Amino acid sequence: MSLKEFKRSEISQIYYHRSGKRFLPDVFGGQLKELVEQVQRTEEKTEVLYLCIGSDRSTGDSLGPLVGYKLNQSGSWEIEVLGTLTRPVHAMNLNETIDYLNRYYRNHVIVAIDASVGRSEHVGYITLGRGGIKPGLGVSKNLKKVGDVFITGIIGSGGGLEPLMLQNTRLSLVMEIADCICEGIRFAGQVS
């Protein structure tokens, strides 16, 4: 099958963004807004929900709940969020959450946010793209795919995240990535 035979929605463009001082929230926000608008046009959805996946019990897996917490604390604009430090969405309740989304959020573009693993040179990067993610893949869990757009923070490298690695991930790295993601999401809401 040639590349031309793929539908546009089957081709996933993945953007890589450095976190920290080199992060460009305006570029990230513009790309996020464009990806969300693509889904809104092709799937006739009008709302957006940020699904922040992970556990508050492990530093390496806390990216999603930290982003959810920070987005809820912003207060200056309305945003729909599932998955926070006090009410995390994780492997134990993901299937139930997906059922809930399918029942009550059919009109929403789901932006799934989670920690991930990648190449060692990409640790600290943020990925952004169209399509869903399979949470828990880095720890060999077989969970359902979720999301229309994804944002991941690369917090480790290698074939998978062993429990010891998850516990030994530096909180400063996770916080830096979470801050950048939140800044980019806020910018996407301000782009006209």
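Colleague: Let me start with one lysine: is Lys45 buried or exposed?

Modeller: Lys45 counts as buried, at 15% relative accessibility. Here buried is under 20% relative accessible area, exposed is over 50%, and partly exposed lies in between (1.4 Å probe, protein chains only). Do keep in mind that this is a predicted model, where local features need pLDDT of at least 70 and side-chain atom pairs count only at pLDDT 80 or more, while totals for chains, interfaces and linings use all residues. Residues are numbered from 1 along each chain as its sequence is written, and side-chain values use heavy atoms, with hydrogens and water left out.

Colleague: Which residue forms a salt bridge with Lys45?

Modeller: A salt bridge is a side-chain nitrogen of Lys or Arg within 4 Å of a carboxyl oxygen of Asp or Glu. For Lys45 the partner is Asp148, with 3.3 Å between the closest N and O atoms. Lys45 sits in the loop between α1 (25-43) and β2 (47-52), and Asp148 in the loop between β5 (125-130) and β6 (149-157), so the pair ties together parts that are 103 residues apart in sequence. Asp148 is buried too, with a relative accessible area of 14%. Glu43 joins in as well: Glu43, Lys45 and Asp148 are linked in a network of salt bridges.

Colleague: How many salt bridges does the structure hold?

Modeller: There are five. One of them joins the side chains of Lys70 and Asp179, at 2.6 Å from N to O. Lys70 belongs to helix α2 (residues 63-74) and Asp179 to helix α5 (residues 171-190), so this pair ties together parts that are 109 residues apart in sequence. Lys70 is buried at 19%, whereas Asp179 is partly exposed at 37%. Another joins Arg41 to Glu34, with the closest N and O atoms 3.3 Å apart. In that pair Arg41 is exposed, at 53% relative accessible area, and Glu34 is partly exposed, at 33%.

Colleague: How should I read the helices and strands?

Modeller: They are DSSP runs (H or I, at least four residues, for helices; E, at least two, for strands), numbered from the N terminus. This protein has five helices and six strands, in the order β-α-β-α-β-α-β-β-β-α-α along the sequence.

Colleague: What span does α2 reach from its first C-alpha to its last?

Modeller: The twelve residues of α2 reach 17 Å, close to the 16 Å expected at 1.5 Å a residue; that expectation is 1.5 Å times one less than the number of residues. The buried residues of α2 include Leu63, Leu66, Val67, Lys70 and Leu71.

Colleague: Why is β6 largely enclosed by the rest of the structure?

Modeller: Because eight of its nine residues are buried. Pairing tells you about its neighbours: two strands pair if DSSP finds at least two bridges between them. Strand β4 (residues 108-118) runs parallel to β6 over eight bridges, and β5 pairs with β6 in the antiparallel sense over five bridges.

Colleague: Which residues is Ser19 in contact with, leaving aside its neighbours within four places in sequence?

Modeller: Contact means heavy atoms within 4.5 Å. Ser19, in the loop between β1 (14-18) and α1, is in contact with Gly124, Ile126, Glu176, Ile177 and Cys180. Its side chain reaches the backbone oxygen of Gly124 at 2.5 Å. Ser19 is buried at 12%.

Colleague: Where is confidence lowest, and where is it highest?

Modeller: The guide is pLDDT, the predictor's confidence in each residue, from 0 to 100. Its mean is lowest in helix α4 (residues 163-168), at 61, and highest in β5, at 97. Over residues 1-11 the pLDDT is below 50, and beyond near neighbours in sequence this stretch has five contacts in the model. The protein as a whole averages 86, with 81% of the residues scoring at least 70.

How values were computed: Polar contact = N/O pair within 3.5 Å; in protein donor to acceptor, adjacent residues only side chain to side chain.
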